[in-house]
Structures are given as C-alpha cells and as structure tokens.
Amino acid sequence: MHITICSTSYPPSIWNSIGRTTYSIAQGLEACGHQVTVVTYNSALDDKFAKEKTGVRIQYIGTDGQSTLAIDQINIWQEKASAFIAEFGKNTDVFIAIDSYSYKPIVMSGVKAKVIGLCNFLYNSTGWLQNIGKDYEKILLDEELQFITDCDTLLVNNLVTKQRVAYLVNREIGDYVVGIPEIKGYHYTPKKRQVLYVGKLNREKGIERILRVMPSLEWLNLVICDQNSSNTYRNIVSKIISDL
C-alpha cells in the first residue's frame, strides 16, 4: 500500500512531538511493508527530496528558513505541499494528516484517497501561545473544525482530546498509541522510591503527566528544580499541584 503522510515536522527531535509522531508512524508503516512518503517542512529555504535508510521517502518543502514553520508561513507551505501531492501523490492509497495544518494540503491537492487524521491536541481547547489576531485565529479554528469533521477516520492519543473532540463533533473517534503501550494492572514500588525527571520545565516536556499520576503513587515525593526565567508555566504547574 502506498501511504502519504503530510506533516509540518518530520525530524525525530527529542522536543518536537509532531516530528517524533510523524517519524514513528512512518518508520513503523514502512517496517510493515508499506511504501511511505512523508511531505513535510524544511527549515531551509529550498525544497529537497531525501530517503531514509529504511526506505521512507521524504519531501522537504521550505518557506522562510526558520527552524519551525511560522504561523504566517502556513498558507505558503500548504500551497506548495498541495502542489507536490497533486503532481506526485496520485498513486496514494491512504493519506495520514498529522494535524489540521497538514490536512488542508491533502484536500487542496484534489487527490482522492482515504484520509486518516491524527488529533493530538486542539487549539479549540488549549488556545494559542501567542497573539495571532482574531481574524486569523478564526480562520485556523475553522480549518481545525473542518479537519476533525471531514477526515474519513479520526484518531486521538489521549482521553482529554477525545472528550473535547466529541464535544465539538458528533462522529466516531478512535485511539492510537505511538511508543510503549500502556501496561494495565501493573504495580511496582521501587526500593529507592525516587523518580529522576530530566528536562527543562516547559510545556513540551509534560511534567504535568507525572503530577497527575502522583495521587495514585503514595510513595512518590517530587522535588522540582527550575531555572526557567519565565514564571508562566511554573504558575500552571503550581495550580495543578494545588488542584490535586
């Protein structure tokens, strides 16, 4: 089967969850015998084709040379990505859209194939990290709603997102897991009763996941040492601690 994955990020960097998800799915599908092409963003200005040792084909599409796709460059990237898919993705059997940004180029391309949408988060639920203006915000939120409404199959990776999507649209929503599956019914208390958490205290590192599970782990004491100059996320963490 020929599968085309559209994603704003591909490199398997430690901090980028979208790139990490795209990489894991692409490698897994290729290992299962599928032909996998990834259409993604290039931090350089040029467009280039590459191929992983495993056989995954990657089409990098550049816009302004920033390390990550800037919000004001999304439309440019989408137009270039859709043009590539229209020309070279005609033999696609299944599309995978990693998020709403990646769904639009598939639709714009005019190539007809089943589209699986992955929804790891919702801007309709979490909001924006920067002020992008009300007009542009409405456009992107409308596109996100179209994404979760119209893709043929919609998958989420956590219960919170699933509940929020179900609140917004009336449709069947599936689950997917990338990485180590959850082990149900497994209980273990380490002898040293310590957990080492390595990472800068920011939203990408997900320290709140540890906080939310702590009430069921009575043996765990957590000390957080933070050198982050910004107090915004620290305040969020403090509120979670108070709520729990």
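Trainee: Why is T37 called buried?

Mentor: In this predicted model, T37 has a relative accessible area of 10%. Buried means under 20%, so T37 is buried.

Trainee: Where is T37, and what is T37 in contact with?

Mentor: T37 is in strand β2. Leaving aside neighbours within four places in sequence, T37 is in contact with H2, I3, T4, I5 and R57.

Trainee: What makes the pair T37 and H2 a polar contact?

Mentor: The side chains of T37 and H2 are joined at 3.2 Å. The cut-off for a pair of N or O atoms is within 3.5 Å, so this pair counts as a polar contact.

Trainee: Is V39 buried or exposed?

Mentor: V39, also in strand β2, has 0% relative accessibility. The limit for buried is under 20%, and V39 therefore counts as buried. Leaving aside neighbours within four places in sequence, the contacts of V39 include T4, I5, W77, F84 and I85.

Trainee: How far apart are V39 and S102 in sequence and in space?

Mentor: They are 63 residues apart in sequence, and their C-alpha atoms are 9.0 Å apart in space.

Trainee: What makes α3 largely enclosed by the rest of the structure?

Mentor: Of the 10 residues of α3, 7 are buried, so the helix is largely enclosed. The buried ones are S100, Y101, S102, Y103, P105, I106 and S109. Among the elements that cover them are β1, α2, β5, β6, α4 and α5.

Trainee: What is found at the start of α3, and what follows the helix?

Mentor: At the start, a side-chain oxygen of D99 reaches to within 3.3 Å of the backbone nitrogen of Y101. After α3 comes G110, whose phi is positive, near 80°.

Trainee: How do you know that S109 is buried?

Mentor: S109 lies in helix α3 and has 12% relative accessibility. That value is under the 20% limit, so S109 counts as buried. A polar atom of the S109 side chain lies 2.6 Å from the backbone oxygen of I106. Not counting residues up to four places away in sequence, S109 touches S82, I85 and A86.

Trainee: Why are α3 and α5 called roughly perpendicular?

Mentor: Their axes cross at roughly 75° and come within 9 Å. Angles of 65 to 115 degrees count as roughly perpendicular, and α3 and α5 are therefore described that way.

Trainee: Which residues make the contact between α3 and α5?

Mentor: On the α3 side they are S100, Y101, Y103 and K104. On the α5 side they are L140, E143, E144, Q146, F147 and D150. By class, the contact has 4 nonpolar, 2 polar and 4 charged residues.

Trainee: Why is Q146 called partly exposed?

Mentor: Q146, in helix α5, has 39% relative accessibility. Buried is under 20% and exposed is over 50%, with partly exposed in between, so Q146 counts as partly exposed. Not counting residues up to four places away in sequence, Q146 touches Y103 and C151. Q146 and S100 are 46 residues apart along the chain, and their C-alpha atoms are separated by 8.2 Å.

Trainee: Which residues touch the most other members of the largest nonpolar core?

Mentor: They are I85, C119, F147, I148, L154 and V165, in a core of 31 residues. The elements that give two or more residues to this core are β2, α2, β5, α3, β6, α5 and β7. The largest share, 5 residues, comes from α2. In general, nonpolar side chains in soluble globular proteins tend to be buried together.

Trainee: What is V165 in contact with?

Mentor: Leaving aside neighbours within four places in sequence, V165 is in contact with C119, L122, I148, L154, V156 and I173. There is also a second, separate core of 19 residues, which includes V36, I58, I96 and L155.

Trainee: How many helices and strands does the protein chain have?

Mentor: The chain has 8 helices and 8 strands. Buried residues make up 40% of its 244 residues. Among contacts with a separation of 6 or more, 51% are between residues 24 or more positions apart.

Methods: Residues numbered from 1 in each chain as written. Predicted model: local features only at pLDDT ≥ 70, side-chain atom pairs only at ≥ 80, totals over all residues. Heavy atoms only, no water. Axes fitted to C-alpha atoms, helices over the stretch in contact; angles between N-to-C directions. Helix = DSSP H or I, 4+ residues; strand = E, 2+ residues; numbered from the N terminus. Parallel < 35°, antiparallel > 145°, perpendicular 65-115°, else oblique. Contact = heavy atoms within 4.5 Å. Nonpolar A, V, L, I, M, F, W, Y, C, P; charged D, E, K, R; others polar. Core = buried A, V, L, I, M, F, W, Y, C linked by side-chain atoms within 4.5 Å. Buried < 20%, exposed > 50% of the residue type's maximum accessible area, 1.4 Å probe, protein only. Polar contact = N/O pair within 3.5 Å; in protein donor to acceptor, adjacent residues only side chain to side chain.
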